[in-house]
Structure formats: structure tokens, C-alpha cells
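Please look through the model below before reading my comments.

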Amino acid sequence: MDTSELDAWDPVAARQVRSLAGPLAKWWFRAEVRGLDNIPPGGGALVVANHSGGMLTPDVLIFAPEFYRHFGYGRPLYTLAHYGVLMGPTGALLRRIGVITASRENAAAALHSGAVVLVFPGGDYDAYRPTFGANTIDFNGRTGYIRTALAADVPIVPTVSIGAQESQLFLSRGHWLAKRLGLPRIRMDILPVSFGLPFGPSVIVPPNLPLPTKIVTEVLPPIDLTARFGTDPDIDEADSHIRHVMQAALDRLAAKRRFPVVG
């Protein structure tokens, strides 16, 4: 791997983003992040979360400022992202605040360095799940995060978030539309269809502005895969357990939610 991706992390930039974007996200989404004490105080840890909010997902902008408020800037938080996110003029800034290309090599290097790594196994598939099925943990069969945690010998810290899928009306992932246009040939399996403000109907672009929906993120107790499943665990069994734990927590948060957007 290119170690410069990890070396690019800059605590000064992370602090600046926390001071600027953190309060804005907290105010607009009335955001709460609970349970940060569940992240082990030292050593590597893999935070596994559901992904929400479509193109303008607020997940990291909500989580990262609270992480640094809790742990300080001596411990980096790296976020795994598709390489396309790091292309273009914002790539350098994103690397400075800890966004790195999603690969097992990058994740291993970050975890072995003692950093916390945030991963959204469901990726865009998860972030564009239909609003009417918003409270479902579905990683689209992706289990690489289990192998990453096992290889680095670090705990998985399940984390769930609720509310961002109400920031606009996500109607469909658009599998049918992508297939009709032949996009799977260029590795695009979805073409999401949504409705929001100010543009109304949207097929990925233009991106509508997110409604000020209340977002609650909850960090759950860490899971030591080896201690629970043995030295040679069944990957599918471990994945099923992680998703079951997350689903139970998401169901609990959903039961306490009174109204869409209002929270």
C-alpha cells in the first residue's frame, strides 16, 4: 500500500473540521452520539457501522467530531472509502482528515498502528436503501470486514445510526434502471432514485439538500471475534452475529422514534 495515505492524516485539519463542520452537523441534525466509551481506550479497533443519507451522507461529519472530543487528537480515526471519493480537488483535504482508500492493506496498516478504523460495509448500497425500509441492517453480503478484523486481531465495535434515511425520500436503489442502461458493465449496479428539496425527483444528481432530520448514533460494546467464535471462525456465522446485534440495537432506537424527521 501507499503509506502516504496514513501519513497524510493531520490532527490540525481534523481539529479544524471538528470546529467548523461538527457544530453545523450537530445543530442541523440535532445529532447525538452515544456509547463512545465502548470503543477500547487503546490499540486498534474496527468500528463497523450502517451507512445512511445518500450522496450527502452525514455519518462521518457526525461521528468524527465526537470521537475526537472524547479521545483527543493523539489517536487517529481513519475512514475507509471508495477510491472515487478521493478523486478530484477535495481528495487532499479528505486524506488530511483521515479518509483512506478502502483496501484490506490500508485497513491492516491503520489498525496495526493503533488507530481506530471506521468502515461502512454496505457502502452506497446501504446509504441509498429505501426510506420505507430504512431501519434494516443490510451489507449486501459483504463480509470482508470480518476478515480484516481477524487478520489484524482487533475487536469489532458495532455502531448503528438512525434518522439520516429520512433526510429525503429514498424511493429505490434503481437496480432496474442501472441494468436497463447497461451500467453493470462499468461496475455500477445501482442508480438511486429519490425525492427531496429543492429539486424534487433526483437520479443521483442533482443532490437534494438534506432535511433537518434528527440523527442518533449509538456505539455498541466491542466484540472479540476470536474469543467468541474461536481461532478459525466461520465468516458467515460471525457476520450474521454482528448484523443481528446491530439490528437489535437499530430496532430499539426505531421503537423510541416518535415521528419521521422530528425524531
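The points below take the helix and then the histidine.

1. This is a predicted model, in which local features need pLDDT of at least 70, side-chain atom pairs count only at pLDDT 80 or more, and totals for chains, interfaces and linings use all residues. Residues are numbered from 1 along each chain as its sequence is written, and side-chain values use heavy atoms, with hydrogens and water left out.

2. Helix H2 covers residues 11-29, where helices (H or I, at least four residues) and strands (E, at least two) are DSSP runs numbered from the N terminus. Its 19 residues should span 27 Å at 1.5 Å a residue, and the end C-alpha atoms are 25 Å apart, which agrees; the expected span is 1.5 Å times one less than the number of residues.

3. H2 bends by about 35° at Ala21, with Pro23 following within four residues; the bend is the angle between axes fitted to the seven residues ending there and the seven starting there. Just after H2, Arg30 takes a positive phi of about 45°.

4. The buried residues of H2 are Ala13, Ala14, Gly22, Ala25 and Phe29, and their cover includes H3 and helix H4 (91-96). Buried means under 20% relative accessible area, exposed over 50%, and partly exposed in between (1.4 Å probe, protein chains only).

5. His51 lies in the loop between strand S2 (45-49) and helix H3 (59-71). Is His51 buried or exposed? His51 is buried, because its relative accessible area is 11%.

Key
Contact = heavy atoms within 4.5 Å.
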